[in-house]
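Visitor: Can you walk me through this one? Start with how you get your helix angles.
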Amino acid sequence: MMSAIARMATLYGSSRNIFLCRSASSHMPLALARAVSTESSSVATRLNSSGLLKSQALIGGKWVDAHDGSTIEVYNPATGEVITDVPCMGKKETNDAIASASNAFHSWSKVTAAERSKCLRKWFDLLMIHKEELGQLMTLEQGKPLKEAIGEVSYGAGFIEFFAEEAKRVYGDIIPATLPDRRLFVLKQPVGVVGAVTPWNFPLAMITRKVGPALACGCTVVIKPSELTPLTALAAAELSLQAGIPPGVVNVVMGSAPDIGEALLASPQVRKITFTGSTAVGKKLMAGSAATVKKVSLELGGNAPCIIFDDADLDVAVRGTLGTKFRNSGQTCVCANRVLVQEGIYDKFAEVFSNAVQNMKVGDGFGEGVVQGPLINEAAVQKVESLMQDAISKGAKILVGGKRHSLGMTFYQPTVLADVKSEMLLSREEIFGPVAPLLKFKTEEEAIQLANDTNAGLAAYIFTSNIQRSWRVTEALEYGIVGINEGVVSTEVAPFGGMKQSGLGREGSKYGMDEYLEMKYVCLGNMS
Ligand code: NAP
């Protein structure tokens, strides 16, 4: 048979953005007829009967196909099997979604904050009630271990809960007037229709981090999830309807990213673009937003340094580095991309860390005890391979792993590389894979210089038991997020975002609301 695996390899070879629409009119919720493993098949059957496996887009509260019936297949990266088809949409459907969001904005923005809060709270409750199924769906389409996927559902739902509460706290200001017969005010109002473009590595949380505050402020949204992981987004959207969020407030379209992007950018009705993804695409969306001067927030790529000082607690440093490096198979924007280790602790750290990495269990995310799943696609593995080749040709040494996993597909061995230098490509680019490069440094000043020697500025980590040093280094780091003696720091209550080319704006926390609000100054005159 021309297996799904072979098809996937062809489709996803090295150019995933040359996406392929299939002109097919049938899009059964589940392509069970195709060869699927028992585990995937039973998970998919369960999801299908729970109504959470959707295979249509959501526009104006209706589940719809592409206007020409074309579809794209969604794959399980652990097996290469097709899970289902979703519509392959473009400009026409995006414009329909914008029109429906625009209509819904008139009423949703007028609903009281308390009402919006109740709807969001109900959505949070439903996400949590269905967290196991959503986690399974995520593992199916994204590959991360089930426990991690369920963890993402709780994390992602947390944004909806947090912003349900924040909805009630959008205050304005009264400003002391400059003339006796005047009164000055600041009103905060929703920005309008929001275009939200999200990546595949966190199929739920990257959406809720945007949609939670947007809806809380009274905005309506058109979401474009990644073509690789649309199913979690669709299931979450279904639950938003069940929560009583009115039709048209949440719309989801998927398909041709450039066409959908262009339609969002061209529309004067879309007042805000919020994007999470690569720096290259973020720059395009920022440039494209200029024509209609949209408000823009960008959560882009990182190149996180993880700095281990001689005075670090070794166990804490090893645990923290494992957490930040290997979560989601190294495919997160805040993954340690460079592990900078001071010379006095270097050998010991390399030994203990390598032993821990050696013991990591790799496999299908549904497997017992698996802590690392596959990479998202063949292109991702090829990128890791080329960075490895470059590093080894320039003198890096493999301590653990270093090649594709014997499981085949897109599995890659958890890897530790020693003797890495800052001029190697993997020190300069996002690896987005399970490779931990160790770089040796001598002094604190050198560590800071190495850490800041990049255009990215998202997350950085420091391991030290010296409190003065931790503060000094934190202040010197050009990063939006700093973890001190901690490798996993994301939470809905704290601001997430980057400096330099890692982005604009912040998501999560009370600051996350500002991204979806306009400020209106009101001067009431002639009061005497
Ligand atoms: P990507 O290729 O930039 O894609 C992100 C999203 O943009 C996807 O929905 C993609 O659609 C869409 N897209 C691609 N080209 C587009 C265009 N011309 N117009 C409009 N939309 C377009 O990034 P990715 O590979 O999915 O995600 C990995 C990147 O995201 C990494 O760089 C990572 O660091 C970054 N990231 C950052 C954060 C953060 O908070 N800073 C969080 C997570 C990930 P298709 O997938 O359908 O092509």
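Guide: Axes are lines fitted to C-alpha atoms, for helices over the stretch in contact, and angles run from 0 to 180 degrees between N-to-C directions. Helices (H or I, at least four residues) and strands (E, at least two) are DSSP runs, numbered from the N terminus. The model is predicted: local features need pLDDT of at least 70, side-chain atom pairs pLDDT 80 or more, while totals for chains, interfaces and linings use all residues. Numbering starts from 1 along each chain as its sequence is written, and side-chain values use heavy atoms, without hydrogens and water.

Visitor: At what angle do H11 and H12 cross?
Guide: Roughly 55°. H11 spans residues 314–326, H12 spans 343–358, and their axes come within 10 Å. That makes H11 oblique to H12 (under 35 degrees is roughly parallel, over 145 roughly antiparallel, 65 to 115 roughly perpendicular, the rest oblique).

Visitor: Which residues of H11 and H12 meet?
Guide: Contact means heavy atoms within 4.5 Å. From H11, they include Leu314, Val318 and Phe326. From H12, Ile345, Lys348 and Phe353 are among them.

Visitor: New topic. What is the strand order in the open sheet?
Guide: S15-S16-S17-S14-S13-S18-S19, 7 strands with mixed pairing. Two strands pair if DSSP finds at least two bridges between them.

Visitor: Which strands are at the edges?
Guide: S15 (397–400) and S19 (481–484), each pairing on one side only. Neighbouring strands are turned by 25° against each other on average, direction ignored.

Visitor: How many bridges join S18 to S19?
Guide: 4, and the two strands run parallel. S18 covers residues 459–463. Ala460 stands opposite Val482 in S19.
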